[in-house]
Amino acid sequence: MSAVISVKNLTHRYNEGLPHCHVAVDNVSFDIEKGDFIGLIGHTGSGKSTLVQHLNGLMKPSEGDVLIDGKSIWESKKSVRAAKFKVGLCFQYPEYQLFEETVEKDIAYGPKNMKLKEEEIRRRVAIAASFVGLKPEHLMKSPFELSGGEKRRAAIAGVMAMQPEVLILDEPTAGLDPKGRDTVLNMIENFRKSTGCTVILVSHSMEDVAKAASKVLVMNKGKVAMYDETEKVFARAEELSEMGLNVPQVSKVFSILRQKGLPVSDGIFTVDKAVEDIARLMKGGKAK
Amino acid sequence: MDNAFIKFNNVTFSYTVDEETGQRIKPALKGISFEIPKGQFIAILGHNGSGKSTAAKMMNGLVIPDEGEVTVDGIPTSDEKRIIDIRKKVGMVFQNPDNQLVATIVEDDVAFGPENLGVEPAEIRKRVDDALKAVGMYEFKDREPHKLSGGQKQRVAIAGAIAMQTECIVMDEPTAMLDPRGREEVMKTIKMLRDELGVTVILITHYMDEAVKADRVLIINSGKAVADGTPREIFKDVELIKSLGLDVPQATELAYRLNKLGYKIDYSVLDEKECADAILRLAGVV
């Protein structure tokens with residue numbers, strides 16, 4: 001496996017040289033492998049937003065470096081610009097950033113900036129729209145005529161249309177109802193599977209991260225506190241809770257069961273796996 | 001219900017008017033009726049676009065019904081002369097904490113409401129201190145609001161409503177933008193409002209684990225009330241909840257799915273402890 005993004009000794013200080021200088025990211029190093037689906041969690045102020053803004057060169061490190069495909073983002077003016085296209089960043093509540101006359105033009109905004117040919121832009125808009133479940137009739141509408149959920153999906157399509165190697169989404173499900181959350185998570189996973197791109201999902205919902213991510217990166221006080229497979233991270237419930245985080249509710253159920261002496265498996269963090277594990281246990285019980 | 005504090009009587013409302021006929025179309029609320037007694041903590045659920053936020057905005061007269069009537073403590077919200085009385089009784093807390101704090105210092109922000117009501121300065125001082133103590137933010141009174149965490153900002157917004165001595169606080173997804181600790185802080189504050197101050201709390205949320213903590217759950221779908229009961233009654237009907245685009249807590253879902261597999265497990269469980277107990281009973285451990 002090759003690293004698509006390499007973060008090397010990254011430090012970011014706000015208000016450098018002023019009395020209220022604040023270290024938001026503190027000497028952080030890690031690699032992100034191509035094709036991974038990573039959940040990025042951390043409490044408010046843990047440094048995760050500052051961190052992700054370094055991954056496509058929106059922010060410049062105070063110290064250290066960020067490499068994309070082995071090359072520093074900050075090598076040249078050209079590479080800084082290229083980073084914006086290779087790593088697509090979708091901010092929180094992206095629907096507030098819709099501005100074009102039609103949904104189609106809005107989705108086309110990124111590809112247009114990439115100076116692609118008209119035909120290619122149209123092709124990419126159509127593909128991105130289908131990934132997020134927007135129909136041709138939606139594309140001709142003003143973004144402001146869409147429902148809240150449709151607006152959110154249109155905004156995400158705008159980033160997908162750039163066909164980035166890495167797609168970073170900051171809280172893409174915030175404020176959506178349970179069905180809307182599942183729809184958005186599924187469409188991100190479909191996009192990852194069919195394009196082979198790498199996904200970083202920033203979320204406060206442990207349930208969402210558990211459902212979607214294969215690896216979890218935990219930020220705490222500007223440092224990487226954990227970076228491991230999802231089940232291994234959620235097995236460390238106590239440490240997570242000390243960091244103001246949490247584990248999915250089923251994991252809490254399982255930790256009570258374990259305390260009471262029921263021989264359930266470790267690393268259960270989705271309802272599907274929990275059902276399987278209890279069923280396994282019950283069958284074993286009957287056999288005895 | 002004689003002690004109804006908020007009353008919706010056959011309320012219809014639409015945001016859009018057909019340009020040709022002049023008629024109101026696509027109603028957000030369609031003849032909805034329900035009552036909320038004083039001191040209750042009620043969670044209102046519904047998918048995006050179900051009409052629940054419109055209902056919330058009607059509770060202090062931000063939106064007035066096209067047809068039917070909403071009354072607050074007996075006062076119809078359509079009575080323009082008494083709208084200030086209604087706003088004194090019902091406070092609002094919205095989703096984005098950054099959009100509702102107005103002052104540069106925490107205590108000034110909490111004082112903003114009572115100042116506008118013309119309360120005496122000495123009384124304002126007392127109310128602000130009491131309100132900040134109630135939400136556990138007194139030691140932050142001299143801080144700048146933008147430097148607080150999301151949960152802290154929401155608690156300051158709630159303190160602002162307490163300082164106005166509102167009898168009821170309507171919260172529209174107050175935890176949607178918060179991290180787990182922030183959500184916990186807000187939920188603890190809601191419990192305090194109900195248990196210690198006797199405030200009526202209306203919580204609109206997409207988080208089912210928050211709804212289970214309420215006294216009552218009301219589900220709105222397509223502008224109508226479709227389910228109303230205690231959390232235990234409501235979340236037992238897993239199929240109905242899912243058909244409405246909602247979800248049940250993971251603990252309930254786990255027990256429900258085991259039950260569907262043929263295991264004799266009670267799935268009227270609401271949290272991790274109840275679910276674990278039910279599984280332990282099933283496994284014959286207790």
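**View 1. Ala4(B) and its bridge partner in strand β2(B) of the predicted model.** In this predicted model, Ala4(B) has Pro37(B) of β2(B) as its bridge partner. The strand that runs through residues 4-17 of chain B, β1, is joined to β2(B) by nine bridges, and these two strands run antiparallel.

**View 2. The open sheet of chain B.** Four strands of chain B make up this open sheet, where they follow the order β2-β1-β4-β5 with antiparallel pairing. At its edges lie β2 (24-37) and β5 (75-76) of chain B, each of which pairs on one side only.

**View 3. The crossing of helices α4(B) and α5(B).** Helix α4 (residues 121-134) of chain B and helix α5 (residues 150-163) of chain B have axes that come within 8 Å and cross at roughly 135 degrees; the two helices are therefore oblique to each other. The crossing in which α4(B) passes α5(B) is right-handed. On the α4(B) side the contact is made by Arg127(B), Val128(B), Ala131(B), Leu132(B) and Ala134(B), while α5(B) contributes Ala159(B), Ile162(B) and Ala163(B). Of the residues in this contact, seven are nonpolar and one is charged, with no polar residue taking part.

**View 4. The side of chain B that touches chain A.** Here 36 residues of chain B are in contact with 37 residues of chain A. Three helices of chain B, α6 (180-195), α10 (250-260) and α11 (272-282), each supply at least two residues of the side that touches chain A. That side of chain B is made up of 17 nonpolar, 10 polar and nine charged residues.

Technical notes:
Residues numbered from 1 in each chain as written. Chains lettered and ligands numbered in written order. Predicted model: local features only at pLDDT ≥ 70, side-chain atom pairs only at ≥ 80, totals over all residues. Axes fitted to C-alpha atoms, helices over the stretch in contact; angles between N-to-C directions. Parallel < 35°, antiparallel > 145°, perpendicular 65-115°, else oblique. Left-handed = near helix turned anticlockwise from the far one by under 90°. Contact = placed C-beta atoms within 7 Å. Nonpolar A, V, L, I, M, F, W, Y, C, P; charged D, E, K, R; others polar. Pairing = 2+ DSSP bridges.
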